[in-house]
Amino acid sequence: MAWTDAYQYAGKIFGKHSTAVNGSATQDQGSNQADANLPLKARIGGVLQLQKTPFIRAISQGSLIAMPDDANCLIRAISRVRLEIAGSLYRYYLNTGDQDANESFVQLYQNEQGDISEVMYYQRLTRFIPETIEDQQAFSGEAGAGLGDRTYTLWRTQLENQSDAQSIDAESSMSNLDSVFGDSDQIDYSRDAGDPNSEFVAPFKAQESRIDDAIGQHGLLQDIVFMPYSRALDGLRESLLISTEIVRSRDGDTSRREIHVDFMIGIPVELDRLLIQ
(Lines give C-alpha, C1' and ligand atoms only; values in the text may rest on other atoms or scores of the structure.)
Protein backbone atom coordinates (compact mmCIF):
# COMPACT_ATOMS: atom_id res chain seq x y z
CA MET A 1 0.00 0.00 0.00
CA ALA A 2 1.49 3.34 -1.07
CA TRP A 3 1.45 6.42 1.15
CA THR A 4 -1.29 8.00 -0.98
CA ASP A 5 -3.37 4.84 -0.61
CA ALA A 6 -2.64 4.66 3.12
CA TYR A 7 -4.03 8.06 3.95
CA GLN A 8 -7.01 7.44 1.70
CA TYR A 9 -7.71 4.28 3.72
CA ALA A 10 -7.34 6.01 7.10
CA GLY A 11 -8.91 9.36 6.20
CA LYS A 12 -11.82 9.04 8.62
CA ILE A 13 -9.42 8.46 11.51
CA PHE A 14 -7.29 11.50 10.71
CA GLY A 15 -10.22 13.85 10.87
CA LYS A 16 -11.23 12.70 14.35
CA HIS A 17 -7.99 12.31 16.26
CA SER A 18 -5.11 14.61 17.13
CA THR A 19 -2.27 13.61 19.43
CA ALA A 20 -1.00 16.21 21.88
CA VAL A 21 2.65 17.11 21.48
CA ASN A 22 4.78 17.80 24.52
CA GLY A 23 8.48 17.92 25.22
CA SER A 24 11.26 18.50 22.76
CA ALA A 25 12.23 17.11 19.42
CA THR A 26 15.51 15.96 20.89
CA GLN A 27 13.78 13.86 23.52
CA ASP A 28 11.44 12.24 21.02
CA GLN A 29 13.88 11.47 18.27
CA GLY A 30 16.83 10.78 20.52
CA SER A 31 14.97 7.99 22.28
CA ASN A 32 14.19 6.39 18.91
CA GLN A 33 17.68 6.85 17.44
CA ALA A 34 16.28 8.44 14.31
CA ASP A 35 19.72 8.72 12.73
CA ALA A 36 20.16 4.93 12.68
CA ASN A 37 18.44 2.04 10.92
CA LEU A 38 16.68 4.27 8.43
CA PRO A 39 15.41 3.31 4.97
CA LEU A 40 18.16 3.36 2.32
CA LYS A 41 20.70 3.60 5.18
CA ALA A 42 20.18 7.36 5.32
CA ARG A 43 22.00 9.44 7.90
CA ILE A 44 22.57 13.11 8.59
CA GLY A 45 25.53 14.17 6.50
CA GLY A 46 24.86 11.52 3.89
CA VAL A 47 24.90 12.49 0.23
CA LEU A 48 21.58 12.11 -1.55
CA GLN A 49 21.70 11.85 -5.32
CA LEU A 50 18.63 12.41 -7.49
CA GLN A 51 18.61 11.76 -11.20
CA LYS A 52 17.53 14.85 -13.11
CA THR A 53 15.36 13.10 -15.71
CA PRO A 54 12.07 13.30 -13.71
CA PHE A 55 12.62 17.01 -13.08
CA ILE A 56 13.47 17.79 -16.69
CA ARG A 57 10.32 15.97 -17.77
CA ALA A 58 8.16 17.74 -15.17
CA ILE A 59 9.50 21.21 -15.97
CA SER A 60 9.00 20.64 -19.69
CA GLN A 61 5.36 19.77 -18.98
CA GLY A 62 4.72 22.99 -17.08
CA SER A 63 5.36 21.95 -13.49
CA LEU A 64 6.20 24.54 -10.85
CA ILE A 65 8.95 22.28 -9.55
CA ALA A 66 12.49 23.68 -9.72
CA MET A 67 15.59 21.69 -10.60
CA PRO A 68 17.33 20.56 -7.38
CA ASP A 69 20.61 22.29 -6.67
CA ASP A 70 23.61 19.95 -6.93
CA ALA A 71 25.33 22.03 -4.26
CA ASN A 72 22.61 21.14 -1.75
CA CYS A 73 22.65 17.36 -1.80
CA LEU A 74 23.59 16.67 1.83
CA ILE A 75 20.97 15.31 4.20
CA ARG A 76 20.85 18.10 6.78
CA ALA A 77 17.98 16.81 8.91
CA ILE A 78 15.76 13.77 9.25
CA SER A 79 12.21 13.60 10.54
CA ARG A 80 9.54 11.06 11.32
CA VAL A 81 5.94 12.04 10.63
CA ARG A 82 3.67 10.16 13.01
CA LEU A 83 0.31 9.20 11.56
CA GLU A 84 -2.43 6.85 12.58
CA ILE A 85 -1.70 4.45 9.74
CA ALA A 86 0.34 1.32 9.30
CA GLY A 87 3.85 1.87 8.01
CA SER A 88 6.24 4.77 8.53
CA LEU A 89 6.71 8.14 6.87
CA TYR A 90 10.16 9.75 6.80
CA ARG A 91 11.48 13.04 5.48
CA TYR A 92 15.12 13.53 4.51
CA TYR A 93 15.74 17.28 4.46
CA LEU A 94 18.17 18.78 1.97
CA ASN A 95 17.21 22.23 3.26
CA THR A 96 15.17 22.78 6.41
CA GLY A 97 13.99 26.25 5.36
CA ASP A 98 14.51 27.60 8.88
CA GLN A 99 16.80 30.41 7.75
CA ASP A 100 15.54 30.98 4.20
CA ALA A 101 12.81 29.87 1.82
CA ASN A 102 14.67 27.00 0.19
CA GLU A 103 13.04 24.16 2.11
CA SER A 104 13.20 20.81 0.33
CA PHE A 105 12.98 17.19 1.36
CA VAL A 106 12.58 13.67 0.03
CA GLN A 107 9.59 11.94 1.60
CA LEU A 108 9.52 8.14 1.83
CA TYR A 109 6.65 5.91 2.84
CA GLN A 110 7.70 2.50 4.17
CA ASN A 111 4.84 0.01 4.40
CA GLU A 112 4.17 -2.61 7.06
CA GLN A 113 6.41 -5.11 5.29
CA GLY A 114 9.33 -2.68 5.37
CA ASP A 115 9.20 -1.95 1.65
CA ILE A 116 9.47 1.59 0.32
CA SER A 117 6.31 1.97 -1.72
CA GLU A 118 6.37 5.69 -2.49
CA VAL A 119 9.04 8.39 -2.80
CA MET A 120 8.22 12.08 -3.32
CA TYR A 121 10.48 15.10 -3.71
CA TYR A 122 9.03 18.32 -2.26
CA GLN A 123 10.22 21.90 -2.23
CA ARG A 124 8.59 24.92 -0.68
CA LEU A 125 6.74 27.06 -3.16
CA THR A 126 5.62 29.74 -0.77
CA ARG A 127 4.77 30.32 2.89
CA PHE A 128 1.79 32.11 4.38
CA ILE A 129 1.47 33.42 7.94
CA PRO A 130 -2.17 33.15 9.12
CA GLU A 131 -2.40 36.20 11.35
CA THR A 132 -6.17 36.28 11.90
CA ILE A 133 -8.44 33.77 13.61
CA GLU A 134 -10.37 33.43 10.35
CA ASP A 135 -7.21 32.52 8.42
CA GLN A 136 -6.13 30.03 11.07
CA GLN A 137 -9.55 28.38 11.00
CA ALA A 138 -9.54 28.24 7.19
CA PHE A 139 -6.14 26.54 7.04
CA SER A 140 -6.96 24.10 9.82
CA GLY A 141 -10.37 23.14 8.45
CA GLU A 142 -12.03 24.09 11.75
CA ALA A 143 -14.73 26.08 9.98
CA GLY A 144 -15.71 23.13 7.79
CA ALA A 145 -14.26 24.84 4.74
CA GLY A 146 -10.91 25.98 3.41
CA LEU A 147 -8.17 23.38 3.75
CA GLY A 148 -9.98 20.19 2.80
CA ASP A 149 -12.17 21.71 0.10
CA ARG A 150 -12.59 19.60 -3.03
CA THR A 151 -10.38 21.92 -5.08
CA TYR A 152 -7.73 24.52 -4.38
CA THR A 153 -6.85 27.40 -6.69
CA LEU A 154 -3.27 28.59 -6.68
CA TRP A 155 -3.13 32.19 -7.89
CA ARG A 156 -0.20 33.65 -9.72
CA THR A 157 -0.26 36.63 -7.37
CA GLN A 158 0.46 34.28 -4.46
CA LEU A 159 3.84 33.60 -6.01
CA GLU A 160 4.57 37.01 -7.51
CA ASN A 161 3.88 39.01 -4.37
CA GLN A 162 5.99 36.99 -1.97
CA SER A 163 9.21 38.45 -0.64
CA ASP A 164 12.51 36.63 -1.16
CA ALA A 165 12.32 35.47 2.44
CA GLN A 166 9.04 33.68 1.84
CA SER A 167 9.39 32.36 -1.73
CA ILE A 168 11.67 29.96 -3.48
CA ASP A 169 14.61 31.37 -5.46
CA ALA A 170 13.29 33.78 -8.07
CA GLU A 171 15.77 32.49 -10.62
CA SER A 172 14.48 28.93 -10.35
CA SER A 173 10.76 28.15 -10.42
CA MET A 174 9.66 31.79 -10.25
CA SER A 175 11.34 32.52 -13.56
CA ASN A 176 9.01 30.21 -15.45
CA LEU A 177 5.69 31.65 -14.28
CA ASP A 178 4.88 32.81 -17.80
CA SER A 179 5.35 29.33 -19.24
CA VAL A 180 3.47 27.66 -16.38
CA PHE A 181 0.48 30.01 -16.13
CA GLY A 182 0.37 31.17 -19.74
CA ASP A 183 -2.50 33.61 -20.20
CA SER A 184 -4.23 32.42 -17.05
CA ASP A 185 -3.81 33.83 -13.55
CA GLN A 186 -4.58 30.59 -11.74
CA ILE A 187 -3.90 26.86 -11.53
CA ASP A 188 -6.55 24.50 -10.18
CA TYR A 189 -5.70 21.44 -8.09
CA SER A 190 -7.99 18.63 -6.97
CA ARG A 191 -8.02 17.15 -3.48
CA ASP A 192 -6.03 13.93 -3.40
CA ALA A 193 -7.95 12.21 -0.60
CA GLY A 194 -11.47 11.39 0.45
CA ASP A 195 -14.64 11.12 -1.61
CA PRO A 196 -14.02 13.14 -4.79
CA ASN A 197 -17.68 14.16 -4.79
CA SER A 198 -17.58 15.53 -1.24
CA GLU A 199 -17.19 19.30 -1.08
CA PHE A 200 -15.14 19.08 2.12
CA VAL A 201 -13.01 16.47 3.86
CA ALA A 202 -11.45 17.25 7.23
CA PRO A 203 -7.69 17.74 6.81
CA PHE A 204 -5.31 15.19 8.24
CA LYS A 205 -3.47 15.65 11.52
CA ALA A 206 -0.04 14.39 12.48
CA GLN A 207 3.07 15.32 14.40
CA GLU A 208 6.57 15.68 13.03
CA SER A 209 9.76 15.23 15.02
CA ARG A 210 12.92 16.40 13.29
CA ILE A 211 16.54 16.05 14.35
CA ASP A 212 19.23 18.28 12.88
CA ASP A 213 22.27 16.34 14.12
CA ALA A 214 23.10 12.69 14.59
CA ILE A 215 22.85 12.73 18.39
CA GLY A 216 19.57 14.62 18.45
CA GLN A 217 20.80 17.68 20.33
CA HIS A 218 19.12 20.06 17.90
CA GLY A 219 15.75 19.65 16.27
CA LEU A 220 12.15 20.67 15.95
CA LEU A 221 8.81 19.33 17.10
CA GLN A 222 5.58 20.43 15.44
CA ASP A 223 1.95 19.55 14.87
CA ILE A 224 0.92 19.51 11.23
CA VAL A 225 -2.53 19.79 9.68
CA PHE A 226 -2.37 19.04 6.00
CA MET A 227 -4.17 18.12 2.81
CA PRO A 228 -2.63 16.86 -0.43
CA TYR A 229 -3.87 18.22 -3.74
CA SER A 230 -2.68 17.38 -7.23
CA ARG A 231 -3.07 18.07 -10.92
CA ALA A 232 -2.30 15.89 -13.90
CA LEU A 233 0.38 16.87 -16.33
CA ASP A 234 1.24 14.83 -19.40
CA GLY A 235 1.85 11.43 -17.84
CA LEU A 236 2.90 12.94 -14.51
CA ARG A 237 1.20 13.85 -11.23
CA GLU A 238 2.24 17.14 -9.66
CA SER A 239 1.48 17.33 -5.95
CA LEU A 240 0.56 20.45 -3.99
CA LEU A 241 0.90 19.69 -0.29
CA ILE A 242 -0.69 22.41 1.86
CA SER A 243 0.46 22.05 5.45
CA THR A 244 -0.36 24.17 8.48
CA GLU A 245 2.52 23.75 10.91
CA ILE A 246 2.33 24.65 14.59
CA VAL A 247 5.87 24.61 15.93
CA ARG A 248 5.89 23.38 19.54
CA SER A 249 9.61 23.50 20.26
CA ARG A 250 13.02 24.15 18.73
CA ASP A 251 16.04 22.54 20.32
CA GLY A 252 13.82 21.69 23.29
CA ASP A 253 12.82 25.33 23.83
CA THR A 254 9.00 25.35 24.10
CA SER A 255 8.85 29.15 24.25
CA ARG A 256 9.71 29.46 20.55
CA ARG A 257 6.28 28.68 19.14
CA GLU A 258 4.91 29.78 15.80
CA ILE A 259 2.34 28.94 13.14
CA HIS A 260 2.68 29.09 9.37
CA VAL A 261 1.20 27.49 6.26
CA ASP A 262 3.62 25.94 3.78
CA PHE A 263 2.74 25.27 0.15
CA MET A 264 5.00 22.45 -1.00
CA ILE A 265 5.21 21.44 -4.65
CA GLY A 266 6.30 17.90 -5.37
CA ILE A 267 6.70 15.14 -7.90
CA PRO A 268 7.07 11.37 -7.51
CA VAL A 269 10.56 9.93 -7.77
CA GLU A 270 11.29 6.37 -8.80
CA LEU A 271 13.21 4.49 -6.15
CA ASP A 272 15.88 3.36 -8.58
CA ARG A 273 16.62 7.02 -9.39
CA LEU A 274 17.51 7.75 -5.76
CA LEU A 275 20.90 6.98 -4.22
CA ILE A 276 22.23 7.77 -0.75
CA GLN A 277 25.93 7.49 -0.01
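Reply: The side chains of Glu-208 and Arg-91 meet in a salt bridge with an N to O distance of 3.3 Å, where the term stands for a side-chain nitrogen of Lys or Arg within 4 Å of a carboxyl oxygen of Asp or Glu. Glu-208 belongs to strand S8 (residues 204-211) and Arg-91 to strand S3 (residues 88-95), so this pair ties together parts that are 117 residues apart in sequence; helices (H or I, at least four residues) and strands (E, at least two) are DSSP runs numbered from the N terminus. Both Glu-208 and Arg-91 are buried, with buried meaning under 20% relative accessible area, exposed over 50%, and partly exposed in between (1.4 Å probe, protein chains only).

The model is predicted, so local features need pLDDT of at least 70 and side-chain atom pairs count only at pLDDT 80 or more, while totals for chains, interfaces and linings use all residues. Residues are numbered from 1 along each chain as its sequence is written, and side-chain values use heavy atoms, with hydrogens and water left out.

By the salt-bridge rule the count comes to 16. One of these joins the side chains of Glu-103 and Arg-124, at 3.1 Å from N to O. That pair links distant parts of the chain, since Glu-103 sits in the loop between S3 and strand S4 (104-110) and Arg-124 in strand S5 (residues 116-128), 21 residues apart. Glu-103 counts as buried because its relative accessibility is 4%, and Arg-124 counts as buried because its value is 1%.

A further salt bridge is formed by Arg-156 with Asp-178, their closest N and O atoms being 2.6 Å apart. Arg-156 lies in helix H6 (residues 156-160) and Asp-178 in helix H7 (residues 177-181), so the pair ties together parts 22 residues apart in sequence.

Turning to the strands, S10 (residues 236-250) is mostly covered, as 12 of its 15 residues are buried. Strand S9 (residues 219-233) runs antiparallel to S10, and 14 bridges join them; two strands pair if DSSP finds at least two bridges between them. The bridge partner of Leu-233 is Leu-236 in S10, and in the S9 and S10 hairpin, which has two residues between the strands, Gly-235 takes a positive phi near 75 degrees. S10 is also joined, by nine bridges, to the antiparallel strand S11 (residues 258-268), and Ser-243 stands opposite Asp-262 in S11.

In soluble globular proteins, nonpolar side chains tend to be buried together.
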